[in-house]
Amino acid sequence: MEFIESTLSYFPRLLAAAPIVIQLALGAMALALVLGLLVALARISKSRILRGIALVYVEVMRGTPLLVQLVYIFFVLPAIGVNIDPVPAGILGLGLNYAAYLSEVFRSAILSVEAGQTEAALSLGYTPGKALWKVVLPQSFIVSLGPIGNYFIAMVKDTALTSVIAVTEILKTANIINAQTFETTQVYTAAALLYLLISLPLSRIVSALEKRARIHV
């Protein structure tokens, strides 16, 4: 009982860091969605140069650890005169990393749309660009919704990695509390439970949105 009470006593301080987690996740996901779509379009473009650049980007971002990317952005870029505050650096690092993964989600979803639908749109007078935005992308978004939601939940948990670049999110706050109290088990148990309490509702919301989107196909 004492252990439970001690663990729960740290929730208020840890919960105070939750807005930073939300800010990181929402900002990074917005960046990842936009950049991921652009990279996906580059991957399927007719330009060999664009395809090559997009492929290199995806391979580099997926082939190096997210933690290393965050450290590089925050600690290495200042050496060449690029100084970024902790939270923007976290958003940038998470966004760039997840954009590589989402680009593959978008690319697969776009390619899954039957070519006949694009041909039908073109026969109605649509330009290739208009057919893409009006016909292909809306359908591919529905296909992508589940994976996007899952990546968002993973991103929420990966915000913990930004603690190494001085972002005072949940894990960083837990580190500070632990240094003050030395109640390691209780502090990190509380942090783990808080991440779980954030992730579980998000999982349910993503499932509900995915089902609702499929109904309106």
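**Entry 1: α5 against α6**

I looked up how helix α5 (residues 66-76) packs on α6, and I found an angle of about 140 degrees with the axes 9 Å apart. Here axes are lines fitted to C-alpha atoms, for helices over the stretch in contact, and angles run from 0 to 180 degrees between N-to-C directions. Helices (H or I, at least four residues) and strands (E, at least two) are DSSP runs, numbered from the N terminus. I noted α5 and α6 as oblique to each other, since angles under 35 degrees count as roughly parallel, over 145 as roughly antiparallel, 65 to 115 as roughly perpendicular and the rest as oblique. I recorded the crossing in which α5 passes α6 as right-handed. A crossing is left-handed if the near helix is turned anticlockwise from the far one by less than a right angle, and right-handed if clockwise.

**Entry 2: basis of the values**

I worked from a predicted model, in which local features need pLDDT of at least 70 and side-chain atom pairs count only at pLDDT 80 or more, while totals for chains, interfaces and linings use all residues. Residues are numbered from 1 along each chain as its sequence is written, and side-chain values use heavy atoms, with hydrogens and water left out.

**Entry 3: the chain overall**

I counted 10 helices and zero strands in the protein chain. Read along the sequence, the pattern is α-α-α-α-α-α-α-α-α-α. I noted that the C-alpha trace spans about 70 × 50 × 20 Å along its principal axes. Of the 217 residues, 40% count as buried; buried means under 20% relative accessible area, exposed over 50%, and partly exposed in between (1.4 Å probe, protein chains only).

**Entry 4: α3 and its partners**

I next examined helix α3 (residues 18-43) and helix α6 (residues 86-112), whose axes come within 5 Å and cross at roughly 40 degrees. These two helices are therefore oblique to each other, and α3 passes α6 in a right-handed crossing. Which classes of residue make up the contact of α3 with α6? I recorded 21 nonpolar, six polar and three charged residues. In this scheme Ala, Val, Leu, Ile, Met, Phe, Trp, Tyr, Cys and Pro count as nonpolar, Asp, Glu, Lys and Arg as charged, and the others, Gly among them, as polar.

For α3 and helix α4 (residues 48-63), I found that the axes come within 7 Å and cross at roughly 130 degrees. That angle makes α3 oblique to α4, and the crossing of α3 and α4 is left-handed.

**Entry 5: aromatic pairs**

I found four aromatic pairs in the structure. Rings of Phe, Tyr and Trp (its six-membered ring) pair if their centres lie within 6.5 Å; planes under 30 degrees apart count as stacked, over 60 as edge-to-face and the rest as tilted. One of the pairs joins Phe-74 and Phe-75, edge-to-face, at 5.0 Å centre to centre and 85 degrees between the planes. Phe-74 counts as buried at 17% relative accessibility, whereas Phe-75 counts as partly exposed at 48%.

I then turned to Tyr-98 and Tyr-151, whose ring centres are 6.0 Å apart with planes at 85 degrees, so this pair is edge-to-face. The pair links distant parts of the chain, as Tyr-98 is in helix α6 and Tyr-151 in helix α8 (residues 128-158), 53 residues apart. Tyr-98 is buried at a relative accessible area of 4%, and Tyr-151 is partly exposed at 26%. I also noted that ring pairs link Tyr-98, Tyr-101 and Tyr-151 into a cluster.

**Entry 6: residues distant in sequence**

I placed Met-29 in helix α3, where Met-29 counts as buried at 6% relative accessibility. How many residues separate Met-29 and Val-156 in sequence? I found 127, with the C-alpha atoms 9.6 Å apart in space.

I placed Ile-4 in helix α1 (residues 2-9) and recorded Ile-4 as partly exposed, with a relative accessible area of 46%. Ile-4 and Gln-186 are 182 residues apart in sequence, yet 7.9 Å apart in space, C-alpha to C-alpha.

**Entry 7: record annotation**

I consulted the unreviewed UniProt entry, in which the annotation "transmembrane region" covers residues 20-42, 63-84 and 187-206. UniProt positions are given in the numbering used here, feature names are shortened, and annotations may be inferred rather than shown by experiment. In the model, residues 20-42 are 100% helix and 0% strand, with the end C-alpha atoms 33 Å apart. Residues 187-206 are likewise 100% helix and 0% strand, and their end C-alpha atoms lie 29 Å apart.
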